[in-house]
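Visitor: Hi, I have not looked at this one before. Could you walk me through a few parts of it?

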Amino acid sequence: MSDGPERGAVDHGPDRSGSDALSTPGTADGVAVTGTLTVKRGLADMLRGGVIMDVVDAEQAKVAEDAGAVAVMALERVPSDIRRDGGVARMSDPEMIEGIQQAVTIPVMAKARIGHFAEAQVLASLGVDYIDESEVLTPADEAHHIDKWTFEIPFVCGATTLGEALRRISEGACLIRSKGEAGTGNIVEAVRHLRSILGDVRRITQADPAEQYAWAKQLAAPIDLVREIAATGRLPVPLFCAGGIATPADASLVMQLGAEAVFVGSGIFKSADPARRASAIVEATAHYADAALVAKVSTGLGEAMAGQEIASLEVHLADRGW
Amino acid sequence: MTIGVLALQGDAREHTAALADLGEGSRPVRTPGDLDGLSGLVLPGGESTTLSMLLESSGLFDPLSGALRAGLPAFGTCAGMILLASTVLDGRSDQRRFGMIDLTVRRNGYGRQAASFEKELSVSGFDSPVPAVFIRAPVVETVGPDVDVLACLDGARPVLCRQGRVLVSAFHPELTSDRRLHRMFVAMTKTEC
């Protein structure tokens, strides 16, 4: 049997893969094991080719599901409002998250502050399907991210570079998204991050074993993960794009650059016709290589969200994370 | 003749790799034109409500339904099982399905992601268990008289079923390195019914 592209094959943290239980010989069925690496990364695999939409209430969550979202991200304010209002951005009120869980049948994700493991524990107790340890919220710890291995609920984390992505994976993240610059409606930062991460992945596939150590040192990342990239030619977990997607063509662009799915934050509910734009971005993500289809769904969509030049920003959310 | 893998959304890549391990070429299916000359179709894991909408908007639903009714062999895993089932509970009211296997399935019947699990599973006719990965998996609630149940969870709940040329699993064999279920499906595409 070939190992093929199986992601659960290499375990980088404490053994939670359940492989011991699974390899135990016996006549009866094995023991059911929850929270394994395969199960956690597997949900991210099922979201590939889809759109995850930021929603602030049950009504928006229904609009997202109606449009074909594969999941929703529950948060109190979309990034552009966080940017405008300033102050400390925190985990959402559990009542709001539960309202969204009851409103839709698709997976519900929610955000915790960087390093705020107590917020993550609360989200886990609510039964959210994925936790986003997110730079969009105000960081709670300036040196440490959450030890994500200790949770049965999977985590997604943002990254701007391959080194940052691998540090998050070494902490237990099961899905990486580009950070982009959330709330700007400007795709330039997400493109920079995807090109940086995927460009280095491609370069590592050309590295000999001695050079792989230099890569690990340069990226400040574990050598085992660098070796895995050299062997497979891809990140050990799925790579999605977030931060600045506002149009169907933006989604097509980042999918063609190598993102495997997209997160859309302010881009939908800050536009003129959210339901239609949401549906158009879903179509453009699924058929990203079909320019005629992207043209068709882009036609007459109304105003996109107002965008911002990166140079005009007071706060760069992507700088948060270590 | 080649096997198609529905590639509108979900883990089509893992199915493609599983078929390649068995020396089977395959091609992605996204538009009605991609259905020409297929010997079988894999419906992957993903989000069944999203897949239902994309099948509709791409114009694939009706021609694919016709091809399945004309005898195109199909293998559906998780969301793919939901799409092939005759009755879906806890879905959206507008969610479409092909009705190619006489099962009533309940979406996310085991619960949210925290309840997702993996387990070794005895399969009828196999001499050793298969590793089975269940992710927000559908639960089979009723099974029609023409359906063969090939594996049950804890000896009770059907999780691998076959009716004629349609094979469905509530779990994801494509996420493991065990290729026996894909081999079973490939054999189904090569035998006359």
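Guide: What follows is a conversation about some helices, cysteines and loop residues of this predicted model.

Visitor: Let's start with helix α11 of chain A. Is it mostly covered or mostly open?

Guide: Helix α11 of chain A, which spans residues 248-257, is mostly covered, since seven of its 10 residues are buried. Those buried residues are A:Pro248, A:Asp250, A:Ala251, A:Ser252, A:Val254, A:Met255 and A:Leu257.

Visitor: Which elements do the buried residues of α11(A) pack against?

Guide: In chain A they pack against α8 (188-204), β9 (262-264), α13 (274-286) and α14 (291-298).

Visitor: Take α14(A), then. At what angle do α11(A) and α14(A) pack?

Guide: The angle between α11(A) and α14(A) is about 155 degrees, and their axes are 9 Å apart. Because of that angle, α11(A) counts as roughly antiparallel to α14(A). On the side of α11(A) the contact is made by A:Pro248, A:Ala249 and A:Ser252, while α14(A) contributes A:Val294, A:Val297 and A:Ser298. Sorted by class, the residues of this contact are four nonpolar, two polar and no charged.

Visitor: New topic: α9 and α10 of chain A. How do they pack?

Guide: Helix α9 (residues 209-219) and helix α10 (residues 223-232), both of chain A, pack at an angle of about 125 degrees with their axes 9 Å apart, which makes α9(A) oblique to α10(A). The crossing in which α9(A) passes α10(A) is right-handed. From α9(A) the contact involves A:Gln212, A:Tyr213, A:Trp215, A:Ala216 and A:Leu219, and from α10(A) it involves A:Ile223, A:Val226, A:Arg227 and A:Ala230.

Visitor: What classes do the residues of that contact fall into?

Guide: The contact of α9(A) with α10(A) divides into seven nonpolar residues, one polar and one charged.

Visitor: How does α7(A) cross α10(A)?

Guide: The axes of helix α7 (residues 162-170) of chain A and α10(A) come within 10 Å and cross at roughly 115 degrees, and the two helices are therefore roughly perpendicular to each other. This crossing of α7(A) and α10(A) is right-handed. The contact is made by A:Leu162, A:Leu166, A:Ile169 and A:Ser170 of α7(A), together with A:Leu225, A:Val226 and A:Ile229 of α10(A). By class, this contact of α7(A) with α10(A) has six nonpolar, one polar and no charged residues.

Visitor: Over to the cysteines. How many disulfides are there?

Guide: Over all chains the structure holds zero disulfides.

Visitor: What about B:Cys161?

Guide: For B:Cys161 the closest cysteine sulfur is in B:Cys152, at 7.4 Å, and that is again too far for a bond. B:Cys161 is buried too, with a relative accessible area of 0%.

Visitor: While we are in chain B, how many residues of helix α5 are buried?

Guide: Eight of the 11 residues of helix α5 (residues 180-190) of chain B are buried, so the helix is largely enclosed by the rest of the structure. The buried residues of α5(B) are B:Arg180, B:Leu181, B:His182, B:Met184, B:Phe185, B:Val186, B:Met188 and B:Thr189.

Visitor: Now a loop residue, B:Arg92. Where is it?

Guide: B:Arg92 lies in the loop between β5 (85-89) and β6 (101-106) of chain B, and it is buried, with a relative accessible area of 15%.

Visitor: Which residues is B:Arg92 in contact with?

Guide: Leaving aside its neighbours within four places in sequence, B:Arg92 is in contact with A:Glu65 and A:Asp66 of chain A and with B:Thr49, B:Met53 and B:Arg107 of chain B.

Visitor: And B:Asp90, what is its phi?

Guide: B:Asp90 has a positive phi of about 60 degrees although it is not a glycine. B:Asp90 is found in the loop between β5 and β6 of chain B and is partly exposed, with a relative accessible area of 43%.

Visitor: Last one: is B:Asp154 buried or exposed?

Guide: B:Asp154 is exposed, with a relative accessible area of 60%. Its place is in the loop between β10 (148-153) and β11 (157-163) of chain B, and B:Asp154 has a positive phi of about 50 degrees although it is not a glycine.

Note on methods: Residues numbered from 1 in each chain as written. Chains lettered and ligands numbered in written order. Predicted model: local features only at pLDDT ≥ 70, side-chain atom pairs only at ≥ 80, totals over all residues. Heavy atoms only, no water. Buried < 20%, exposed > 50% of the residue type's maximum accessible area, 1.4 Å probe, protein only. Helix = DSSP H or I, 4+ residues; strand = E, 2+ residues; numbered from the N terminus. Contact = heavy atoms within 4.5 Å. Disulfide = S-S within 2.5 Å. Axes fitted to C-alpha atoms, helices over the stretch in contact; angles between N-to-C directions. Parallel < 35°, antiparallel > 145°, perpendicular 65-115°, else oblique. Left-handed = near helix turned anticlockwise from the far one by under 90°. Nonpolar A, V, L, I, M, F, W, Y, C, P; charged D, E, K, R; others polar.
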